[in-house]
Amino acid sequence: MNCIIIDDEATARAIIGQLCANVKSLNVLEEFSNAIQAIKFLNQNEVDLIFLDIHMPDFTGFDFIETLKKPPKIILTTSDANFAIQAFEYDCIVDYLVKPITSERFQKAIQKAETMSPKVVAASASDKEVASSGNDLYVNIDRRLIKIDIPSIYLVEAKGDYILVKTEDKNYTVHSTLKKIEDKLPESLFLKVHRSFIINIKKIIDIEDNSVLIKKDVVPVSRSNRPELMKRLNLL
Amino acid sequence: MEQPNFSYINSLCGGDEVFKQKLIDIIKLEFPEEKEVYYANYTSKNFKQAAENVHKLKHKISILGLEKSYEIAVAFENNLLEGNTNLNEQFESILNIITNYLQKL
């Protein structure tokens, strides 16, 4: 497996590099001290596995994953066990290693990465597509997975580290990002009209200049998103 | 107070003395830099940044086998995130112990 290491700490990169050197099936292509450099590399090179530190200045490991359209397998490496729950939200993450990483634990993680075939990763990706084209979306609230009927969602609003999902019956505050839910919602129904808002275009009541009335909410429409909105409407 | 040791580094190196020396050299280079950044942020009461620095330093604390000190660093990082400077003296004495240890290598 061709892999790269992303960690802002030279000591950590050296340790992971050494652990990789002890595994014949691993070939370290490059090491990066920040995620931005790695994104540039990935634009031109394919890798099978990324060792990714979560806690980096400016651009965290999770920010990095969000930028990848087709993420390869990822093993998170961190000094902080508190991110484990968040890590399971990503299908591409095969394991989560808490520093200092021991050889034994590292070997286990590699075995997991090796047994998770590309097909399984592809299946995870297609599961996402099925989920987004289906009618249900499960959201994690207080460690419970709550089912939301997708067509009943009329508005999603970004609120800092959370999103507010408004449905016909109820509103849900979920620890997630607008980008993540946008990927899960069917494009045929939903449109991002502003950097903080996604709307269900079937639920629009009226449009006035740079805003949309949807249920009782007046939602701003940014200038850049307005042409796409107009294109999606059945205008007379 | 517990003292640094090479038990983790030795288990990682498996007798590879070249890598062991390389790792020690990296730590000797990186630790003083991280420590300096931490002191600068702490002194200027930039506690969130200081917590980030403690986060990074605690990895080195664990690499050097300082298990109890690691726990102190974890607690101190959390304290700093809340603007609380309790445990600063203990944390800084850990940094001093590591500094002295690395200087003797």
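Modeller: From the N terminus on, chain B runs α-α-α-α-α. The model is a predicted one.

Biologist: How many helices and how many strands are there in chain B?

Modeller: Chain B has five helices and zero strands. Of its 105 residues, 31% are buried. Among contacts in chain B with a separation of 6 or more, 48% join residues 24 or more positions apart.

Biologist: What describes two packed helices?

Modeller: The angle between the two axes and the distance between those axes describe such a pair. Take helix 2 (residues 17–43) of chain B and helix 3 (residues 47–63) of chain B: they pack at an angle of about 155°, and their axes are 9 Å apart. Angles over 145 degrees count as roughly antiparallel, so helix 2 of chain B is roughly antiparallel to helix 3 of chain B.

Biologist: Is the crossing of helix 2 of chain B with helix 3 of chain B left-handed or right-handed?

Modeller: Helix 2 of chain B passes helix 3 of chain B in a left-handed crossing.

Biologist: Which residues meet in this pair?

Modeller: From helix 2 of chain B, the residues include Ile27(B), Phe31(B), Val37(B) and Tyr38(B). In helix 3 of chain B, their counterparts include Ala50(B), Val54(B) and Leu57(B). By class, the residues of this contact are eight nonpolar, three polar and four charged.

Biologist: How many residues of chain A are in contact with chain B?

Modeller: There are 13 residues of chain A in contact with 17 residues of chain B. Helix 1 (residues 10–21) of chain A gives the largest share of the chain A side, six residues. That side divides into six nonpolar, five polar and two charged residues.

Key: Residues are numbered from 1 along each chain as its sequence is written. Chains are lettered from A and ligands numbered from 1 in the order in which they are written. This is a predicted model: local features need pLDDT of at least 70, side-chain atom pairs count only at pLDDT 80 or more; totals for chains, interfaces and linings use all residues. Axes are lines fitted to C-alpha atoms, for helices over the stretch in contact, and angles run from 0 to 180 degrees between N-to-C directions. Helices (H or I, at least four residues) and strands (E, at least two) are DSSP runs, numbered from the N terminus. Angles under 35 degrees count as roughly parallel, over 145 as roughly antiparallel, 65 to 115 as roughly perpendicular and the rest as oblique. A crossing is left-handed if the near helix is turned anticlockwise from the far one by less than a right angle, and right-handed if clockwise. Two residues are in contact if their C-beta atoms, placed from the backbone, lie within 7 Å. Ala, Val, Leu, Ile, Met, Phe, Trp, Tyr, Cys and Pro count as nonpolar, Asp, Glu, Lys and Arg as charged, and the others, Gly among them, as polar. A residue is buried if 20 or more other C-beta atoms lie within 10 Å of its own, exposed if 12 or fewer, and partly exposed in between; C-beta atoms are placed from the backbone.
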